[in-house]
Every structure is written in C-alpha cells, then in structure tokens.
Amino acid sequence: MSTAQPQPRAVTGADYRRRQTIAAWTRTGVILVSSVVLLFYVLAPVAWLVSSSIQTEAEIVSVPPHWIPEEPTLQNFRAIFKATEEEEVTYENRSGVDPAAGGFIPSTAQNLLPAMWNSFLVATLVVIFNLLVGVPAAYAMAKIRYWGRNGSVYFILITRVIPDIALVVPFFLVIRKLGLLDTISSLVITYLAITVPFTVFILIQYFEGLPDELDKAARVDGCSRLQSLLRVFLPLSLPSLVAVVLFTFLTSWNEFLLALMFTQTEASQTLPILLASFTSDFTISFSFINAAGVLAIIPPVIVAILFERYIVSGLTAGAVKG
Amino acid sequence: MAVLMAVAVFPILYSLWLSFFRMKLTRPNRTPFVWFENYTDLLGNELFWVSVARTVTFTVTSVAAIAVIALLVSLLLNQDFRGRRVLSTILLIPWAIPYVANALMWKWIYDSGYGALNGVLYQLDFIDKYMVWLGDQDKTIFLIANAFVWKEVPLATILLLVTLKSIPADLYQAARVDGAGIWQRFTHVTLPSMKPGFMLVMIYETMMAIRHFDLFFILTEGGPGDASHVLSWHIYVETFRNLSFGSGAAMSYILAIVTFVLAYFIIRFLGRRV
C-alpha cells in the first residue's frame, strides 16, 4: 500500500454546488445520448423496412440507397389489397418490369390477405381454447389440493422448455395420421400444446397470490368450484388474463416452424410462411417484400404498444416467454 | 388436463420411440429397429459436429451480446427521466415483431446489392465497394447473431429491470455513506444484486439460441457452405429434406436433453417462487 496519498482540497460551498450542477448536467447528457443511441438501434432497422416498402422499384435499387423516399408510393400495398378484389396480379399487369431483371409482384400476392386471415383465425381460436383449458387447470393447481399437484406444476414447467424443433417430427407424424395436414386445425392443436403450459404457469402464480379465504368464502356462500372460479377469481385476475391472451395471440401470430411443416396451400398458410416464401424468390420486387413485411409487423406492434403495461407485467410474472 | 397430457406427452415418447428406428420415408416398408444406432452414427458424423460447433458459436456470441446490451439498456431505463415510458414502449417493438419479419428485415439490410448496411458503410467511406455480407463464411454467423440479439434484447432488458428495481434503495444510501463513488456503487451493490436476474436471462437466452431456427432458414439456409449449419437446421435438413425421421428424432433428443439440463437450473430458480 502506498502511503503518499494527496490530501483532498477542502470543499467550499460554492465548489460543492458547482460540482452538483456538473454532475446533474453529466447525468442528463449521458441519459440523452444513450436514449438517442437506443432509439436509433431499435428503430433504424424498422424505419428502413418501412421506408423501402414505399419506394418505387427504380428508387429502391439506387446506390447508395435513398434513406427517405423521394417519390413515396403505395403501389405495393395497393397491389396486395387489390389482388383479391378486382384483378389478379398476373404476368402481364405486374409492375411492367422485365422479370429477368427482378422486381415484379408475384402472383402469390393475392394469397397475402387470406394468409393474414388464416393467421388471425388461428390466433383467435388458439386464444379461446387456450383460456378454456388453461384457466380451469391453473385454478385446480393453485387452489385444490390433490395428489400429484406439485408433480403437475413441475411437469407444466418441463413441457414449456422442450424445443419446438424436437417436437416437430412427432407432431408431424401424428398430424399426418389424423389426416389434418394442411388444415387450420393442425395449427390450432399444436399451438395449444405450446401456449397452454405458459398460460397455466402465469395464472397459477396469480391465483396463488389471491387468498384462499376468497375461495372458502365463496364456497360457504354456496358456490360450486366452477362458480367460485367464474364469479370470484376471474374478475380479480383480469390483468393477468389480458396478458395471457396477448401472449397467446402473439405466439400464434408469429409462429413459423410448425406452420412450415404442416401447411402447404393457401387453405392454411399463415402469414410468416408466405413471407418466407417471398424471401427465397429472387425475382420478386424488393419493395414488395418489404411491404409484405410491414403488413406482418403492424398488428403485433400495435398490440405491443397499446398493451405495454400488461405485457411487461406478464413477462415479469412468467419470467420466461415461449 | 388429460388433453394437455395427451398433446404434450405423447409426442415426446413417440419421438423417443422413433429415434430407435432407422426410418426413412423413401423406404416406407423397411423400418428396422436399431436401438441406439442412430445415436452412435451421429457421433461419427462430421456434419453433426460441425453443426454443434456452429450452434455453440452462435449461442455464446449472442448470449454475451444480449447480456451486455440488456444490462446497459436496463441501467438507462432504471433512471428517472422524461420520456422513459415512451422509450420502454418503443423498446417492445423488436420483441413483438414476428421472427420471420425480423429475418426478412435483416436480409434486406444485409442485402449485397442494395442493402442498408452496405449503404451506410459506403457513405461513411468504411468500404469502397459493396460487400456480400451473408456470403462471407467468417461473418455470416455473427450477422445472424446480431439479428437475433436485436430481437431478444427487449425481453432480457425487462427481466433485468425487474431485478434492478428490487434492489433496496437503502443499500445505495449505505454505500454512499461509506464513501463509495458511482463506479464502486455499481460494482459492489448493483452487479451482485443483479446476479439472479442475470442467471435467468443467460439461461433463458441460451435455451432460445440453441434451438433457434427461423433466422437460419430465411437468411442463409445453413450456408454459405456449412458456415451457419447449426443443429436445428441440421435436424430440419435431416428430417424433412433427407426424410430420415429416425436420425432426426435422435438429434432432436440430444437437443432436448441439453435444453433439459439448462431447464433444470431455470426450474430450480423459478421453483422457489411457485
């Protein structure tokens, strides 16, 4: 240890105040700079995606790129929405570019809206069934003492952590045997298997937080188990129910791997599958792919922003998301 | 409950059963029972080990990056300032975006002809000609990891933020009284208190990273060469392109067991709260 430590200068009042001000300014500066960096990090990729989606094909291939489109156009979105209603996008009326040079709008553009509809339908069905199965299960595990209760809680945890890719093969064989390949129900069934454990896990924690006396009081007043669940617990657990619904919806909307295995035609293809098929086709217009990407991110982003509070509380309660 | 069991348990057991067969859809009538041969074959398979190595690279890189970035962001969001709520809401955007859209977005950013990455670096004079980013064997996996990190940081941040918020203010007061500066307060109070949160984030993100599939499927399909040939991609190729369900299932099992070991820790951690 060295002994020659310089004595700190005596701190006067003015010195102290000045130091405080400097510290405060530094703090503000650091916060400001890092906020800007963070904003840029999060938003720049998305902004670029959106910006590309409204550029014309001629503009999007400029080098260096135009960060802000000079002549913004909605032609890509128009193509997506019109494709189903009025005219099919065909080889003749695509953007009028030589397909060899790339940059045309694929005929599968007309599948985009149905695929979105499929995604929406699957997600909604999964949410409904998920609640029907998950809520009673969570209630039972939280409030009814029965043999094997702890076992089932751990079991639920275990099913949550198995990688989807490990389940793909058996799921595929089962679904094929049931003759459900390329149907929406195959997706609903398998997504339920993924999402229900998560629902149960979050709800158990919430139900356990509610006092047992509530349950007892309801039962003394002559409620059945079911009534006690419906009339007492559900209204109280609304916030966590919202979180569960949101997660289930987003998981189903975003899921890719299982949908890739089970769906083949537009009868059941979900949006991610169609997007993926665009990306592997080099002839398709870049701005069109980006427009499709924008369409795919709009619903989940809106949901996330509207329900931010519920999502954060759900994430922290569940601590893990599937 | 019974339904849940049926949907969740049956596939697991069925998959174990399958992994003992030499099952190929190209030869539907000959599916001999081979015990552990699928597993022992794997140990001698070069591509399998390549994929394990790639998976490890990908996982270590992304988990480390996620932990560091999420730590910085959560420290920022733990401060009180105007616009904090807006910032944390915006932070949720990457989390909400579907992985496929995320992949599509980064594919376009990395695009060799007209991508943003080339554009930025070119305009800033870091490169004098456009590069084929994803075609570079040495860089591919890190670029994919970057896309993965971008998407996973919000969740990790939220988890860390909870731990940060739970550190009692008294601790800081006490440290201040003892004469600890900002840096000392950070290393002696903040970091040790965040350990449980960190463990959770690391384990969870590791689990997510080793099983990750979507980005590899869309960005590179395992290429160039075998530069991004990770385990989950290997399973996919083996099962659905080579249609060899038996060895696919065997590999899935190995992956599942690794995840289980990790999960054991996460469950022990969470189990305290259940």
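Residues count from 1 along each chain as its sequence is written, and chains are lettered from A in the order in which they are written. In this predicted model local features need pLDDT of at least 70, side-chain atom pairs count only at pLDDT 80 or more, totals for chains use all residues, and side-chain values use heavy atoms without hydrogens or water.

**Exercise 1.** Work out how many helices and strands chain A has, and what share of its residues is buried.

*Solution.* Start with the DSSP runs (helices are H or I, at least four residues; strands are E, at least two; numbering is from the N terminus). Chain A has 14 helices and zero strands. Next, take burial, meaning under 20% relative accessible area with a 1.4 Å probe, protein chains only. Of the 322 residues in chain A, 51% are buried.

**Exercise 2.** Find how helix H1 of chain A is oriented to helix H5 of chain B, and which residues meet there.

*Solution.* First, get the axes, which are lines fitted to C-alpha atoms over the stretch in contact, with angles from 0 to 180 degrees between N-to-C directions. The axes of H1(A), residues 13–53, and H5(B), residues 99–109, come within 10 Å and cross at roughly 80 degrees. Angles of 65 to 115 degrees count as roughly perpendicular, so H1(A) and H5(B) are roughly perpendicular to each other. Finally, look at contacts (heavy atoms within 4.5 Å): Pro45(A), Val46(A), Trp48(A), Leu49(A) and Ser52(A) meet Leu104(B), Met105(B), Trp106(B), Trp108(B) and Ile109(B).

Methods:
Buried means under 20% relative accessible area, exposed over 50%, partly exposed in between (1.4 Å probe, protein chains only). Angles under 35 degrees count as roughly parallel, over 145 as roughly antiparallel, 65 to 115 as roughly perpendicular and the rest as oblique.
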